[in-house]
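Here is a short report on one protein chain. Keep the sequence and the 3D view open as you read.

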Amino acid sequence: MAAKVLSIEICDKTVTVCRIARKGKGVRIFDSFMFLVPGDCVSDGVISSPDLLAHELKMQLASHGMFETKNVYFALSSSKIAVREVKLPPMKKNLISAAIQTNAGDYFPIDLENYHITHSVLDNPTEENPFIRVLVMAVPVSMLEGYFALAETAELSIKAIDSSGNSQYQALKSIKSPINT
């Protein structure tokens with residue numbers, strides 16, 4: 001079994017922490033808890049006081065016996081994250097990122113200098129669908145800086161940062177609808 005990792009989602013009022021590990025194609029949850037965000041240090045996914053939140057997070061991890069787990073996945077929950085689904089023509093996997101970066105200005109009519117662009121492949125081409133479906137996300141760099149500062153102060157090592165919307169999609173994509181469409 002793979003090493004245990006913390007999965008943390010920070011919302012405006014609550015923080016959800018799970019200790020997880022990959023098991024085959026799935027994920028096993030070992031422990032979980034929630035706590036209230038101290039003060040007003042989070043607003044729409046932006047951490048305004050990473051020191052205050054890191055102190056509370058460290059105390060909560062210690063009280064729940066999770067202080068030894070140092071690797072973390074953050075799930076961002078914010079309306080400031082722009083998300084678009086795009087279709088690309090069939091191409092090699094190593095060219096997708098360059099195609100996304102080249103066309104990012106068409107996907108998001110914003111000043112991209114202050115955003116980090118990332119993507120997740122949803123579907124590869126099939127006979128019925130000749131395109132690559134890709135979820136493209138634009139995250140404010142200032143938002144990411146808050147998470148990096150939080151991790152550093154809390155003595156955690158970031159392994160991944162994802163949007164909670166993409167995390168939910170990945171978790172639910174294999175569930176088939178009982179209703180025929």
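## A covered strand

Strand β9 is mostly covered, with nine of its nine residues buried. Buried means under 20% relative accessible area, exposed means over 50%, and partly exposed lies in between (1.4 Å probe, protein chains only). Helices (H or I, at least four residues) and strands (E, at least two) are DSSP runs, numbered from the N terminus.

This is a predicted model, in which local features need pLDDT of at least 70, side-chain atom pairs count only at pLDDT 80 or more, and totals for chains, interfaces and linings use all residues. Residues are numbered from 1 along each chain as its sequence is written, and side-chain values use heavy atoms, with hydrogens and water left out.

Look at the two faces of β9. In a regular strand the side chains alternate between the two faces of the sheet. On one side of β9 sit Ile132, Val134, Val136, Ala138 and Pro140, all buried.

## The whole chain

The chain has four helices and ten strands. Their order from the N terminus is β-β-β-β-β-α-β-β-α-β-β-α-β-α. Of the 181 residues, 36% count as buried. Contact means heavy atoms within 4.5 Å. Among contacts in the chain with a separation of 6 or more, 60% are between residues 24 or more positions apart.

## Neighbours of β9

Two strands pair if DSSP finds at least two bridges between them. β7 and β9 pair in the antiparallel sense, over seven bridges. In this pairing, the bridge partner of lysine 87 in β9 is arginine 133. β8 and β9 also run antiparallel, joined by eight bridges. Here aspartate 123 stands opposite arginine 133 in β9.

## Salt bridges

A salt bridge is a side-chain nitrogen of Lys or Arg within 4 Å of a carboxyl oxygen of Asp or Glu. By this rule the count is four. Three of them are listed here.

| Pair | Closest N to O distance |
|---|---|
| Aspartate 123 and arginine 133 | 2.2 Å |
| Arginine 133 and glutamate 85 | 2.6 Å |

Take the pair of arginine 133 and glutamate 85, with N and O atoms 2.6 Å apart. Arginine 133 lies in β9 (residues 132-140) and glutamate 85 in β7 (residues 82-88), so this pair ties together parts that are 48 residues apart in sequence. Arginine 133 is buried, at 18% relative accessible area. Glutamate 85 is partly exposed, at 45%.

Now take aspartate 123 and arginine 133, 2.2 Å apart at the closest N and O atoms. Aspartate 123 is in strand β8 (residues 115-123) and arginine 133 is in β9, ten residues apart. Aspartate 123 is partly exposed, with a relative accessible area of 31%.

Lysine 58 is partly exposed, at 33% relative accessibility.

## A bent helix

What covers the buried residues of helix α2? The cover includes β7, β8 and β9. Those buried residues are Ile96, Ala99, Ile100, Ala104 and Tyr107.

Helix α2 (residues 93-107) has 15 residues. Its span from first C-alpha to last is 20 Å, close to the expected 21 Å. The expected span is 1.5 Å times one less than the number of residues. α2 also bends by about 40° at glutamine 101. The bend is the angle between axes fitted to the seven residues ending at a residue and the seven starting there.

## Serine 78 in its loop

Is serine 78 buried or exposed? Serine 78 is buried, with a relative accessible area of 17%. Its place is in the loop between β6 (71-76) and β7. A polar atom of its side chain lies 2.6 Å from the backbone oxygen of aspartate 44. A polar atom of that side chain lies 2.9 Å from the backbone nitrogen of lysine 80. Leaving out residues up to four places away in sequence, serine 78 touches Asp44, Gly45 and Met143.

Note on methods. A polar contact is a pair of N or O atoms within 3.5 Å; within protein, one must be able to donate a hydrogen and the other to accept it, and residues adjacent in sequence count only if both atoms are side-chain atoms.
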